[in-house]
Amino acid sequence: MIRIQQIKVPLKHTKDDIERKIKKLLRISSTQLKDFQIRKQSIDARRGKEACYVYTADVNLDMHAKQEADLVKKVHNKNIMLTKEESSAFLNNLTNTAVTMKRKLQHRPVIAGSGPAGLFCAYLLAMQGFEPVIIERGKKAEERKLDVENFWKDGMLNPSSNVQFGEGGAGTFSDGKLNTLVKDPYGRNRFVLETFVKFGADSSILYVNKPHIGTDMLIGILKNMREEIIRLGGIFHFETCLKDIQIQDGKICSVMAEKDGQMRQFPADALVLAIGHSARDTFQMLHDKNLPMEPKAFAAGFRVEHPQKMINEHQYRGADMRLLPAASYKVTSSFKDQRGVYSFCMCPGGYVVNASSEQNHLAINGMSYQKRDGSNANSAVIVAVTPKDFARFGNSPLCGIAFQRELEARAFALGNGKIVQQLYGDYKAGRISAAYGEFDSQTKGSRMFADLGTLLPDELKTAFINGMERFAGYIPGFNRYDAILSGIESRTSSPVRILRNETYQSAVSGIYPCGEGAGYAGGIMSAAMDGMKTAQAVAAGAMAM
């Protein structure tokens, strides 16, 4: 197979245009080309050049391997090379003795949490015949969606079914962004994307540069994935919250979970903790059980809205937007004190959403629907927070949670639970905004103007302003007076890491900390991949018993 990179075609093009370009680059006839698969799609809109689409394609030719090698040498182009079909090496390494392995576990593995880490862990274990038990404090995705929409409408929070808790995890209401910086030579990344396509996602996520699914599409995909896990023998217990763990001789022996006020015991010799970054009561319970953990750096700041048209014009240099998706951006900087400021979870054509999960605490996030056709762009502009910033809360591993709660309680008090907002110019001047500027805010949940200057500690506030001003050097107008700030963005990542060893187990044998909540991931893709690694570790542990 031959891989061709840097296949450039006009914005307006068809698959036939790509095929013609491939034949021209390889100097072959139509009869020699069997087919090709798009591996990557990106957009080149650099200054001074006409915007175009750029593809990487794998090409199957009607010739044997030596002829392909000779052809590559003949064309002598650094963007044309031999390649092999990608395979999920980690799947190839899975043993076929799943039934034998299952018998070496006395009980079904229990997975706490059904976010991407928990779901993909459950999926792989189910594929191997382990018939996992998944307990989830929230509701199934389609029911959770109704609770979230009702909360945005009337402000009545369900602490167990919201933007943070429920099937799919927090990423369900963050538009399903699937880009990751994690390098994985074993094919897990590709497997996650292929799995989403298998259960209903558009196949374009297999090759677009920054794939996303969209909150509106994720609900059905999660339902389909759940039904497949059940078909393979898995069991889901929704509205069932992990409350206690029983440890005997340094090993997990059972799990206590609560549903409708009733406690239920699940015997377990393997417990996967895929609890997500907002399961604060669970972190406390695990700490009380002396499960080793440590505080972890995270970040906090505000959602910042700009007109999507402004971002499009800068990123695409005035190209025809009828042929392009809503543009995204990523900005980052650090200053003399080494405190980083950067954009996070950028949502083209998106909405700022009330993402609270605790009574009397306000946390926000951003999301987009599949079409990303909203009039505003938003992203979190956040400032790095280290354990030094919350040292005044003591030396407990949970001090970062105390810091987050303090920020969220202040934000809630400012707006009585509504999303609190301020124009950037007014934020710098220290006055409450009276009206929006040239564009309105796009939110899910009620909002009101307030003085956000009282939320962040002074050092973080200064860093935020310095970042906004510097980012204007990258994207003109980023620091415009009427850029809309919304607060507070505090759930960027887990403030806790639950320690695990090289076998993915805690110091308590049979407990497998997993995913973003345990401090080993930072988004849908990395969490899903960590869930798959954890599934392999559970299977390996079963083999070693």
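Visitor: How many disulfides does the rule give?
Guide: The count is zero, where a disulfide is a pair of cysteine sulfur atoms within 2.5 Å. Cysteine 253 is in no disulfide, since the nearest cysteine sulfur, that of cysteine 241, is 19 Å away, against a limit of 2.5 Å. This is a predicted model, in which local features need pLDDT of at least 70 and side-chain atom pairs pLDDT 80 or more, while totals for chains, interfaces and linings use all residues. Residues are numbered from 1 along each chain as its sequence is written, and side-chain values use heavy atoms, with hydrogens and water left out.

Visitor: Why is cysteine 253 called partly exposed?
Guide: Its relative accessible area is 28%. Under 20% would be buried and over 50% exposed, with partly exposed in between (1.4 Å probe, protein chains only), so cysteine 253 is partly exposed.

Visitor: Is cysteine 345 called buried or exposed, and what makes it so?
Guide: Cysteine 345 has a relative accessible area of 15%, so it is buried. The residue lies in strand E15 (residues 340-347), strands being DSSP runs (E) of at least two residues and helices runs (H or I) of at least four, numbered from the N terminus.

Visitor: What makes the phi of cysteine 345 worth noting?
Guide: Most residues other than glycine have a negative phi, and most peptide bonds are trans. Cysteine 345 is not a glycine, yet has a positive phi of about 55°. Asparagine 360, also not a glycine, has a positive phi of about 65°. Asparagine 360 sits in the loop between strand E16 (351-354) and strand E17 (364-367) and is partly exposed at 48%. The peptide bond from glycine 487 to isoleucine 488 is cis, with omega near 5°, and isoleucine 488 belongs to strand E22 (residues 484-489).

Visitor: Why are H6 and H8 called roughly antiparallel?
Guide: Helix H6 (residues 141-154) and helix H8 (residues 215-231) pack at about 150°, with axes 9 Å apart. Axes are lines fitted to C-alpha atoms, for helices over the stretch in contact, and angles run from 0 to 180 degrees between N-to-C directions. Under 35 degrees is roughly parallel, over 145 roughly antiparallel, 65 to 115 roughly perpendicular and the rest oblique, so H6 and H8 are roughly antiparallel.

Visitor: Which residues make the contact of H6 with H8?
Guide: H6 gives Ala141, Glu142 and Lys145, and H8 gives Ile219, Leu222, Lys223 and Arg226, contact meaning heavy atoms within 4.5 Å.

Visitor: Why are H5 and H7 called roughly perpendicular?
Guide: The axes of helix H5 (residues 116-127) and helix H7 (residues 188-198) come within 12 Å and cross at roughly 85°. That angle falls in the perpendicular range, so H5 and H7 are roughly perpendicular. Phe120, Tyr123, Leu124 and Met127 of H5 meet Phe191, Val192, Thr195, Phe196 and Lys198 of H7.

Visitor: Which residues touch the most other members of the largest nonpolar core?
Guide: Of its 72 residues, these are Ile22, Leu26, Leu61, Phe302, Phe464 and Phe478. A nonpolar core is a set of buried Ala, Val, Leu, Ile, Met, Phe, Trp, Tyr and Cys residues joined through side-chain atoms within 4.5 Å. Helix H13 (residues 458-471) supplies the largest share, six residues.
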